[in-house]
Amino acid sequence: MQVFWRPLAPRELDRELLWLGVTIGGLVCATVWFALGLPWPVCWFHELTGHPCATCGATRAAIALFHGQLLSALLWNPMAFLIYCAIGIFDVYALAVLIVRRRRLRAWFSLSEKRILRVSAVAILLLNWAYLLAHSSLFNG
Amino acid sequence: MAMIHVNRSGTSLGIFSEEDVRAGLRAGRFAATDLGWREGMAQWQPLSQFAEFAADIPSGAPPPSAVPAGATPAPGAVVPATATATVPRSGLPWDNRQTRGFFPAFFETLVMVLTKPTEAFVAMRREGGLGSPLIYGLIGGCFGYIVYLLFMLLVPSIAVLGDRGNPLTGLIGAGFGMVFAIVMVPVFLTLILFIGAAIIHVCLMIVGGANQTYETTFRVLCFTVGSTYPLIIVPFCGGLIAGVWSLVVEIIGLARAHETDTGRAALAVFLPVIVCCGFGIVLAIMIPALVHNTGS
């Protein structure tokens with residue numbers, strides 16, 4: 001894996017701006033959704049089986065995180081908690097490089113490294129699901 | 001040895017050693033107009049301006065990927081930056097479905113837009129009529145929605161926004177309403193595509209990013225919807241994935257097709273949301289106040 005800072009090429013997609021926009025847009029939409037009292041998303045897997053799916057608790061983890069309850073957010077869905085933290089760090093970085101017009105951080109992975117990353121992502125997803133299944137009682141209250 | 005980053009039409013081709021770039025230029029894999037950057041350089045430069053490659057660039061030769069006059073570029077191929085001014089865009093596989101076959105062309109386009117949106121929208125033709133992209137958008141969009149609605153028909157109480165106390169959900173889940181909904185999906189989707197493209201195009205004009213016609217915006221929206229809406233059927237969080245990815249693909253598509261910057265494209269896509277959210281916030285503040293005043 002090679003990590004480097006380089007300038008954005010002419011006409012190159014500004015990924016920092018794109019994903020910062022998407023995350024902020026998503027956050028605003030979610031805030032308005034809940035502020036208007038619209039219904040919470042229902043997990044059909046949980047409705048059908050009574051067991052949580054791999055992403056159950058992600059909404060509650062986000063809400064706990066925004067209330068500053070880090071431990072609670074972690075317990076609701078560890079993977080979602082880590083993703084939210086990563087998004088937060090990325091947004092801070094993206095905002096910083098966009099404001100100061102600095103070089104962009106890029107990583108280059110070889111094919112074998114990409115394969116390892118894919119396998120790791122699936123493993124993390126499965127481990128997270130195993131954790132949620134072991135704590136099913138949290139979602140049946 | 002310093003590694004050289006090579007970029008064509010805003011798409012990274014990778015990181016190569018000096019020797020690789022030299023060999024690539026000789027073999028025609030890289031064009032003299034491709035941009036290069038290595039550690040220590042302030043900005044990107046065309047490879048032709050790298051002193052060490054001067055001997056490897058054939059003088060007066062056309063760009064390696066340029067299409068001969070009168071020939072049609074391979075569908076899905078990325079036309080180099082210099083060629084875009086004179087050579088028409090190669091088009092998505094869907095544009096060439098007569099020779100490729102209907103379903104292979106559909107799936108190739110879908111995979112290309114989902115996995116390589118930048119390349120897809122650099123290759124997408126900006127003109128050529130509304131009918132062809134509309135058919136693509138309707139096939140992909142209707143497939144995603146109808147499979148989702150059929151699922152709701154089978155299990156009416158577990159809609160994504162399931163609410164057993166909601167009579168509307170009950171009505172939709174009753175069967176007859178569902179059949180009506182399924183029949184109406186193509187109609188509503190067509191309206192959404194035309195009206196949505198108009199709204200986004202107006203937003204693009206507002207932010208100064210509309211460098212092409214409404215047709216280009218419409219084509220971007222159709223290929224985005226047709227490619228991302230089938231993701232709705234992914235178990236667990238298909239709706240979320242489809243929602244987020246369609247936003248991303250749409251922004252990339254508008255930036256590439258209108259040749260505007262990502263910021264303007266993102267702003268154009270989010271402008272309706274910003275306006276609606278602003279309206280929603282005002283409603284959220286006003287309604288409780290009105291209810292309170294009416295009650296007292």
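The model is predicted, so local features need pLDDT of at least 70 and side-chain atom pairs count only at pLDDT 80 or more, while totals for chains, interfaces and linings use all residues. Residues are numbered from 1 along each chain as its sequence is written, and chains are lettered from A and ligands numbered from 1 in the order in which they are written.

Read from the N terminus, the order is β-α-α-α-α-α-β-α. Of its 141 residues, 20% count as buried, that is, with 20 or more other C-beta atoms within 10 Å of their own C-beta, the C-beta atoms being placed from the backbone. Contacts are pairs of residues whose C-beta atoms, placed from the backbone, lie within 7 Å. Among the contacts in chain A with a separation of 6 or more, 61% link residues 24 or more positions apart.

Turning to the interface, 31 residues from chain A and 34 residues from chain B take part in the contact. On the chain A side, β1 (2-6), α1 (15-35) and α2 (44-49) each supply at least two residues. The largest share, ten residues, comes from α1(A). By class, this side of chain A has 21 nonpolar, five polar and five charged residues (nonpolar: Ala, Val, Leu, Ile, Met, Phe, Trp, Tyr, Cys and Pro; charged: Asp, Glu, Lys and Arg; polar: the others, Gly among them).

Chain B contains an open, antiparallel sheet of four strands in the order β2-β1-β3-β4, where strands pair if DSSP finds at least two bridges between them. Strands β2 (11-16) and β4 (45-46) of chain B each have a single partner strand, so they stand at the edges with one side left without a neighbour in the sheet. Five bridges join β1(B), residues 4-8, to the antiparallel β2(B); in one of the pairings, B:I4 has B:F16 of β2(B) as its bridge partner.

Helices α4 (residues 102-115) and α9 (residues 214-228) of chain B pack at an angle of about 100 degrees, with their axes 9 Å apart. Axes here are lines fitted to C-alpha atoms over the stretch in contact, and angles run from 0 to 180 degrees between N-to-C directions. The two helices, α4(B) and α9(B), are therefore roughly perpendicular to each other (65 to 115 degrees). Contributing to the contact are B:T109, B:L110, B:V113 and B:L114 from α4(B), and B:F223, B:S227 and B:T228 from α9(B). These residues divide into four nonpolar, three polar and no charged.

Note on methods. Contact = placed C-beta atoms within 7 Å. Parallel < 35°, antiparallel > 145°, perpendicular 65-115°, else oblique. Buried ≥ 20, exposed ≤ 12 C-beta atoms within 10 Å, placed from the backbone.
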